[in-house]
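I opened the model and kept a notebook as I went. The entries follow in the order I looked things up.

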Amino acid sequence: MDIFVFSYNRGAFLQNCIDSLRRHTRNSRICIVDDHSNCPDTRAYLQNLPDGVELLYGQVKDGARHGGLYNNMQLALDN
């Protein structure tokens, strides 16, 4: 089973979420889709992810600042 977590500037919540997923799931792919967070706490966590957790950055289209939830969900489906 693949688990995708969508993230934007929620460092402490993101870490708690990933810790919980790692405790309660086995043999699952965990992937964070980050929408280009600029919060220092979130960026620090993303740079030091636990082993086995993947990171994708949201797809920014048409000069937008962020990919948006629907574009990022499509990115997850494509992976």
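**Entry 1: His36**

I began with His36, which counts as partly exposed at 32% relative accessibility. For these labels I used a 1.4 Å probe on protein chains only: buried is under 20% relative accessible area, exposed is over 50%, and partly exposed lies in between. His36 sits in the loop between β2 and α2. Its phi is near 60°, a positive value in a residue other than glycine. Most residues other than glycine have a negative phi.

A note on what I am reading: this is a predicted model, where local features need pLDDT of at least 70, side-chain atom pairs count only at pLDDT 80 or more, and totals for chains, interfaces and linings use all residues. Residues are numbered from 1 along each chain as its sequence is written, and side-chain values use heavy atoms, with hydrogens and water left out.

**Entry 2: Asn9**

I then checked Asn9, in the loop between β1 and α1. Asn9 also has a positive phi, near 55°, and is not a glycine. Is Asn9 buried or exposed? Asn9 is buried, with a relative accessible area of 19%.

**Entry 3: the chain as a whole**

I listed the elements next. The chain has three helices and three strands. They are DSSP runs numbered from the N terminus: helices are H or I with at least four residues, strands are E with at least two. Their order from the N terminus is β-α-β-α-β-α. Of the 79 residues in the chain, 37% are buried. I also looked at contacts, meaning heavy atoms within 4.5 Å. Among those between residues at least 6 apart in sequence, 60% join residues at least 24 apart.

**Entry 4: the sheet**

I took two strands as paired if DSSP finds at least two bridges between them. Angles here run from 0 to 180 degrees between N-to-C directions, and axes are lines fitted to C-alpha atoms, for helices over the stretch in contact.

I went through the pairs. β1 and β2 run parallel and are joined by six bridges. Asp2 has Arg29 as its bridge partner in β2. The chain crosses from β1 through α1 to β2, and this β-α-β crossover is right-handed. Right-handed means that, with the strands pointing away from the viewer, the path from the first strand over the helix to the second runs clockwise. β2 (residues 29-34) and β3 also run parallel, with five bridges between them. Cys31 has Glu54 as its bridge partner in β3, and Val33 stands opposite Leu56. β2, α2 and β3 make a right-handed β-α-β unit too.

In a regular strand the side chains alternate between the two faces of the sheet. In β1 the covered face holds Ile3, Val5 and Ser7. The uncovered face of β1 holds Asp2, Phe4 and Phe6.

**Entry 5: helix α2**

Which residues of α2 (residues 40-47) are buried? They are Thr42, Tyr45 and Leu46. Seen down the axis of α2, these buried residues fall within an arc of 100°, so they line one face of the helix. The arc is that of the directions from the helix axis to the C-beta atoms. Pro40 and Gln47 are exposed on the other side of α2. The buried residues of α2 pack against β1, α1, β2 and β3.

I followed the α1 side of this. The axes of α1 and α2 come within 7 Å and cross at roughly 35°. Gly11, Leu14, Gln15 and Ile18 of α1 make the contact with Asp41, Thr42, Tyr45 and Leu46 of α2.

**Entry 6: Leu55**

Last, I looked up Leu55, in strand β3. Leu55 is partly exposed, with a relative accessible area of 27%. Leaving aside neighbours within four places in sequence, Leu55 is in contact with Cys31, Ile32, Asp34, Leu46 and Leu49. Leu55 and Val5 are 50 residues apart along the chain, and their C-alpha atoms are separated by 9.6 Å.
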